[in-house]
Amino acid sequence: MPSSTNQVNPEYRTPPSVIASIIAVSAVASLFLAWLVYYHPPVDVAGTHLAFLPALDAVLNALCAVFLVIGYRYIRRRQVTAHRNSMFGAFIVSSVFLVAYIANHVLHGDMLFPKAYPTARFIYLWILLTPHILLAIICLPMILITFFLSLTGRFPAHRRLARWTYPIWLYVSVSGVIVYAMLAAYR
C-alpha cells in the first residue's frame, strides 16, 4: 500500500469545471470588450460626458502596478497577509478599471492614434498596443484562476501559476499607462 504522502488528495485537486467556467467567463468578457471597442457606436461622440475616464483608467492601471510590485515584495519577504492584501488591492483596482474602461468605451468609443505620426503610430500599434491587448486577454483567466487557487488553499498550484500571472499582469498594467500617455501626447 502506498504511503499517504505519495497519494494525491482529491480535495486539493481543482475541479476542471471551475477552470472551464473561469475560461468561459473570460472568453465572453473578452468578446464583449472586442464588440464594445470595435463595433458598438459611441453614445457621446463629442466626448463631453465623463471625459476624465481615460485619465482615470491610466491612474487605476498605475495603482494596480504599484499594488502588484508591493505584493511581490511582501511575498519575497514571506509576509503572506500583507501580500494577500496587496493582491486584493490590485484585483479591486483592476475591477474598477474594467468598469471605467467599459463606461469610457460605451460613451466615447475607441480612440484612434493619429496617422500624422507614422513612426510613433507603428510603435504604438504594433510594439505596444497589440501585445497589451493579447496579454490582457490571456491575463484575465490567469488572474481569476490564480486567485481561486489562493482562496481555496491550493498554494503550490497558486505559486506555479502566479510566476506567470504576475509579470503578464504587471506588463498589462504598465503598458496601459503608456498607451494612455502616447494617445494623450499625440492628440
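Where is the place of Tyr 117? Tyr 117 sits in the loop between α3 (80-108) and α4 (118-151); helices are DSSP runs of H or I with at least four residues, numbered from the N terminus. The model is predicted, so local features need pLDDT of at least 70 and side-chain atom pairs count only at pLDDT 80 or more, while totals for chains, interfaces and linings use all residues. Residues are numbered from 1 along each chain as its sequence is written, and side-chain values use heavy atoms, with hydrogens and water left out.

**Aromatic pairs**

- The whole structure holds 9 aromatic pairs, where rings of Phe, Tyr and Trp (its six-membered ring) pair if their centres lie within 6.5 Å, and planes under 30 degrees apart count as stacked, over 60 as edge-to-face and the rest as tilted.
- One of these joins Phe 113 and Tyr 186, which form a tilted pair because their ring centres are 5.2 Å apart and their planes stand at 45°.
- Phe 113 belongs to the loop between α3 and α4 and Tyr 186 to the segment after α5, so this pair ties together parts that are 73 residues apart in sequence.
- Phe 113 is buried, with a relative accessible area of 4%, whereas Tyr 186 is partly exposed at 27%; buried means under 20% relative accessible area, exposed over 50% and partly exposed in between, with a 1.4 Å probe and protein chains only.
- Tyr 117 and Tyr 186 make an edge-to-face pair, because their ring centres are 4.9 Å apart and their planes stand at 65°.
- This second pair ties together parts that are 69 residues apart in sequence.
- Tyr 117 is itself partly exposed, at 37% relative accessibility.
- Phe 88, Phe 91, Phe 147 and Trp 169 form one aromatic cluster.

**Packing of α4 and α5**

- Helix α4 packs with helix α5 (residues 155-185) at an angle of about 145°, with the axes 7 Å apart; axes are lines fitted to C-alpha atoms over the stretch in contact, and angles run from 0 to 180 degrees between N-to-C directions.
- Ser 150, in helix α4, is buried at a relative accessible area of 15%.
- Leaving aside residues up to four places away in sequence, Ser 150 touches Phe 155 and His 158, contact meaning heavy atoms within 4.5 Å.

**Helix α1**

- The buried residues in α1 are Ile 22, Ser 26, Ser 30, Leu 36 and Val 37.
- The buried residues of α1 pack against α3 and α4.

Notes
Helices (H or I, at least four residues) and strands (E, at least two) are DSSP runs, numbered from the N terminus.
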